Amino acid sequence: MKASQRTVHLELTEPLRISRSTMASRQAVWLSVEHEGQRGHGEAVTSVYYGLDAGTLGRLLHVESQWLTGFTDPETALEALRGGDREGAAPPAVTAAAESALLDLVGKRAGIPVHQLLGAHGAPPAAATARTIGITTPGRAEAQAARLVRDGFSVLKLKAGAPDPADDLERVRAVRAAAPHARLLLDPNGAWSTDTAEQLLDIYAELGVEAVEQPLPPGDPEALAKLAERSPLPVVADEDAVDYEDARRLAGRVQGINVKLAKCGGVSAALRIAELIAGTGTELMLGCLTASTLGIAPAVHLADRARWVDLDGHLLLADDPWTGIGGADGTVRASRNPGLGVRPHGAEEARA
């Protein structure tokens, strides 16, 4: 096998403000694995929160590539990667990108889409995805919500955690007025204290918010679990639920866990978490980082397994260099084509 990588710039249509930062762009590193004339692709994106810049990702993916190319075929490499028993394993985002490239290539070689490789049968997975509205003025949020509903979105995710909690409430009320029938999710990204959360959750429940992600600062999952016990609406762990062990500690104690492939280590790791929490009263949410269609696609092949789907990272981009999962009408869909079922478009097509 051969492997190569390329770093690209992903610009957002407009800056996205959350409680801890504002993001206007990010870098992505594409990993391509080739064998017998066919290629599979994966993507890792930079993250200040997880301490991954483009240079670090590039170096780590180069090391991962050297390990992968030591195998005679992608099927053997994929089995070894899933085993996870080697020393010096890469960070989850790197493992997820490598697994994506291998799944894409193995699916293409077998002539079947990734969801079938994972044991799913029937129609390709499809799900209504949440569409994120950042911290902004109530008027702007209201206009965005009205436009998104017209486009077909039935789930809206509002970022919260403004310095003045009243600003968040005003924005949510404006969105609710513009989208009275939409499902609303709220995400303060850990910005609230326990006292603030207890004061606000009753109000948000009355406004019809369906669930709240990570209301408390990460690092104290016990406090999050105790809040979930008395919360009037479901509490979904995100920053406090990074990997399998985090999920094990919170299973049955929070109402949901947000599984992102880039933070847990890829599709196989996500499936292990889904199996762990099944039947515990904790339900699966599939989330993502802002990324291209290539980076989002692996999770779309799992979309029918989750109660909440938040796979809109590619929809926030000014120019998505890949296509194949849809989403602009509010629904993401896995492809019937072999592998991930995505393809580059425009200027990227000749380079893939």
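## Lining of the largest cavity

Helix α3 supplies six residues to the lining of the largest cavity, the largest share of any element. Helices (H or I, at least four residues) and strands (E, at least two) are DSSP runs numbered from the N terminus. A cavity is a set of points, on a 1 Å grid over the protein atoms alone, where a 1.4 Å probe fits but cannot get out; lining residues have an atom within 4 Å of a point. The model is predicted: local features need pLDDT of at least 70 and side-chain atom pairs count only at pLDDT 80 or more, while totals for chains, interfaces and linings use all residues. Residues are numbered from 1 along each chain as its sequence is written, and side-chain values use heavy atoms, with hydrogens and water left out.

The volume of the largest cavity is about 250 Å³. Its lining has 23 residues, of which E43, L261, A262, G295 and I296 are the closest to the centre. At least two lining residues come from each of β3 (38-45), α3 (92-110), α10 (261-264) and α12 (293-300). By class, 16 of the lining residues are nonpolar, four polar and three charged. Here Ala, Val, Leu, Ile, Met, Phe, Trp, Tyr, Cys and Pro count as nonpolar, Asp, Glu, Lys and Arg as charged, and the others, Gly among them, as polar.

## The second cavity

Two cavities of 30 Å³ or more are counted in the model. A volume is the space filled by probe spheres set on the grid points, which are joined across faces, edges and corners. Rolling a probe the size of a water molecule over the atoms shows where empty space is left.

The second largest cavity holds about 40 Å³ of space. Its lining is made up of V259, A270, L271, A274, L284, L286, L302 and R305. Two or more of these residues come from each of α11 (267-277) and β11 (283-287), and α11 has the largest share with three. The lining of the second largest cavity has seven nonpolar residues, no polar ones and one charged residue.

## The largest pocket

A pocket, unlike a cavity, is an open set of points with protein on both sides within 12 Å along at least five of seven lines. The largest pocket has a volume of about 590 Å³. It is lined by 28 residues, and I18, R20, M23, R26 and L289 are the closest to its centre. Strands β2 and β6 (155-159) each give two or more residues to this lining. The largest share, four residues, comes from β2. The lining of the largest pocket divides into nine nonpolar, nine polar and ten charged residues.

## The three-stranded sheet

Strands β1, β2 and β3 make an open sheet in the order β1-β2-β3, with antiparallel pairing. The edge strands are β1 and β3, each of which pairs on one side only. On average, neighbouring strands of this sheet are turned by 25 degrees against each other, direction ignored. The axes behind this angle are lines fitted to C-alpha atoms, for helices over the stretch in contact, and angles run from 0 to 180 degrees between N-to-C directions. Two strands pair if DSSP finds at least two bridges between them. Strands of a sheet pair through backbone hydrogen bonds, either parallel or antiparallel.

Strand β1 (residues 2-17) is joined to β2 (residues 22-35) by twelve bridges. Among the residues facing each other across this pair, E11 has S25 as its bridge partner and V8 stands opposite A28. The hairpin of β1 and β2 has four residues between the strands. Eight bridges join β2 to β3, with L31 opposite G42. The hairpin of β2 and β3 has two residues between the strands, and E36 in its turn has a positive phi of about 50 degrees.

Strand β3 is largely enclosed by the rest of the structure, because six of its eight residues are buried. Buried means under 20% relative accessible area, exposed over 50% and partly exposed in between, with a 1.4 Å probe and protein chains only.

L12 is in strand β1. L12 is buried, with a relative accessible area of 5%. Leaving out residues up to four places away in sequence, L12 touches M23, A24, S25, T290, L316, L317 and A318; contact means heavy atoms within 4.5 Å. The C-alpha atoms of L12 and H314 are 9.1 Å apart in space, although the two are 302 residues apart in sequence.
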